[in-house]
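Come along and look things up with me.

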Amino acid sequence: MSELILAGLLVLLVLLAVVAVRAPDLLLAVITLGAYGFVMSLIWAVMGALDVAFTEAVVGAGATTVLFLAALLRTSRRRSPAASPLRWVALAVALGTGGAVLGVTSGLPRWGDPTSAPATHVSPRYLVRTLSETATPNAVTSVLADYRGYDTLVETTVIFTAGLGCWLLLTPRRR
Amino acid sequence: MNYPYWVAVGLLMLGLYTMIAHRNLLKKAVGMTIFQTAIILFFLLLAVKRDASLPIVSGADVDPARFMNPLPHALMLTAIVVMVATSGVALAILIRLYARYGSLEEDVIAERVASDEADPA
Amino acid sequence: MIERHASVVVQTFVRVLTPLAQLFALYVLAFGHYSPGGGFQAGVILGATYILLALAFGRDILDRKVNQPVCVALGAAGVLLYALTGVAGMAGGGTFLDYSRLPLPVTPVRARYFGILFIETGVTLGVAATLIILFCRLGEQESNR
């Protein structure tokens, strides 16, 4: 049953992405991007990745849409319908990259296999020892904050730097 | 067959095509968001195990095959936050470009930059 | 300029919802150990409450409640809190980011628990400050144009 729900949501996701990309009006594109982010978080929730789904719901469906709308308010809603001369190059690049990645995925282990390499390398150690070593039942939090603490430190610095950069870029000018 | 991966790859191609082929800078930012979320979807598909429950353990006896893989979840949390940071800076640059050159189409901006350099006024 | 929303329903709803949402953000931060949640989600919810305030009551309310340089300083304080927790581990005799050696009067396993809590608080501050700054700056109209 959850496979059916997942399949239906994936179809909806692709439709929303196509609408967001091909919309002639930028406001429609931004709102559809918000809906796309929300359906994406639903898909991750159905797949069981609840931490990630929570973050995507607040960030992708909430914050990103508001920021895009704020940017849209200060720029223009229209886009020129003329096609770009680069579109054949773009098609070739996209198809080439997609083909290469698909070629790789055919060599990946069967979807959902609990004995595949990503599932048996170091993650079982985190799952088995998280309660005894860090007193944290949520393995994702303990991996994020304790076992892989360096990544999270640098990533916090990245997001703060982005905020700082945006603050400096958009200092209001007085003419 | 690994059908779910195909959707992630399809979205990846769509995002990449949008970033290159569309001339409007805001559309490029939309394409970038689609591209980034497609990559996160692909990565999370690697973490799924059949009939597994959330990676929240309880009690002492833990069979790792019955829980989802927590490592990709943690890495993708980082990726989502970096996504919003990138979008924020991209939109800030967009706004500056529009305020300076009056348009969000990349060819119009390129023309105006070239004419600015040829004739600094 | 984002103006005060005309509808009384929206204003009342936001007035009731904002403290609840901020409390929920604190809950998500504190319960990140036991259920899906943690620092990032809490930070984004906290930032979103301020954005909601601006959308319902107008930009001037946000400018009154948020002092932008102080907001940036709070974000930096969050990152600093994270780094200092790592250094405090070194002060106890371990390596950088080794929470089991934090100078707290608890067992090393519990010290790692508290270390995670401290750094998640730092992350929350950093992410919330960034979101508020992004919205403040992106949503400003130019003055004197």
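At roughly what angle do the axes of helix α7 of chain A and helix α5 of chain C cross? I found that α7(A), residues 139–147, and α5(C), residues 108–138, cross at roughly 85 degrees, with axes that come within 10 Å.

Before going further, I noted the ground rules. This is a predicted model, where local features need pLDDT of at least 70, side-chain atom pairs count only at pLDDT 80 or more, and totals for chains, interfaces and linings use all residues. Residues are numbered from 1 along each chain as its sequence is written, while chains are lettered from A and ligands numbered from 1 in the order in which they are written.

**Entry: α7(A) and α5(C)**

I looked up the terms. Helices (H or I, at least four residues) and strands (E, at least two) are DSSP runs, numbered from the N terminus. Axes are lines fitted to C-alpha atoms, for helices over the stretch in contact, and the angles run from 0 to 180 degrees between N-to-C directions. The angle makes α7(A) roughly perpendicular to α5(C) (under 35 degrees is roughly parallel, over 145 roughly antiparallel, 65 to 115 roughly perpendicular, and the rest oblique).

Next I listed who meets whom: T141(A), S142(A), A145(A) and D146(A) in α7(A) meet R112(C), I116(C), I119(C) and E120(C) in α5(C). Contact here needs C-beta atoms, placed from the backbone, within 7 Å. I sorted the residues of this contact by class and got three nonpolar, two polar and three charged. For the classes, Ala, Val, Leu, Ile, Met, Phe, Trp, Tyr, Cys and Pro are nonpolar, Asp, Glu, Lys and Arg are charged, and the others, Gly among them, are polar.

**Entry: α1(B) and α2(B)**

I turned to a pair inside chain B. Helix α1(B) covers residues 3–21 and helix α2(B) residues 25–45; their axes come within 8 Å and cross at roughly 160 degrees. The two are therefore roughly antiparallel to each other.

Which hand does this crossing have, left or right? I wrote down left-handed for α1(B) and α2(B) (the near helix is turned anticlockwise from the far one by less than a right angle; clockwise would be right-handed).

From α1(B), the residues in this contact include Y5(B), L12(B) and M19(B), and from α2(B) they include V30(B), F35(B) and F42(B). By class, I noted 17 nonpolar, three polar and two charged residues in the contact of α1(B) with α2(B).

The C-alpha atoms of chain B fill a box of roughly 75 × 30 × 15 Å along the principal axes. Chain B has 21 Å, whereas a compact globule of 121 residues would have a value near 14 Å.

Chain C has five helices and zero strands, running α-α-α-α-α from the N terminus on. Its radius of gyration is 18 Å, well over the 15 Å that the globule rule gives for 145 residues, so chain C is more spread out than a compact globule. I also noted that its C-alpha trace spans about 60 × 35 × 20 Å along the principal axes.

How many of the residues count as buried in each chain? I wrote 53% of 121 residues for chain B and 43% of 145 residues for chain C. Buried means 20 or more other C-beta atoms within 10 Å of the residue's own, exposed means 12 or fewer, and partly exposed lies in between, with C-beta atoms placed from the backbone.

**Entry: where chains touch**

How many residues does chain A give to its contact with chain B? I found 74 residues from chain A and 69 residues from chain B. On the side of chain A, the largest share comes from α3(A), with 13 residues. That side divides into 49 nonpolar, 17 polar and eight charged residues.

For chains B and C, the contact takes eight residues from chain B and seven residues from chain C. The chain B side has seven nonpolar, one polar and no charged residues.

**Entry: two single residues**

I picked V89(B), in helix α3 (residues 70–101) of chain B. V89(B) counts as partly exposed, because 18 C-beta neighbours lie inside 10 Å. Leaving aside neighbours within four places in sequence, V89(B) is in contact with A162(A), G165(A) and C166(A).

Last, I looked at L12(A), which sits in helix α1 of chain A. With 15 C-beta neighbours inside 10 Å, L12(A) counts as partly exposed. Its C-alpha atom is separated by 7.7 Å from that of V39(A), 27 residues apart along the chain.

Key
Two residues are in contact if their C-beta atoms, placed from the backbone, lie within 7 Å. The radius of gyration is taken over C-alpha atoms; the globule rule is 2.2 Å times the number of residues to the power 0.38.
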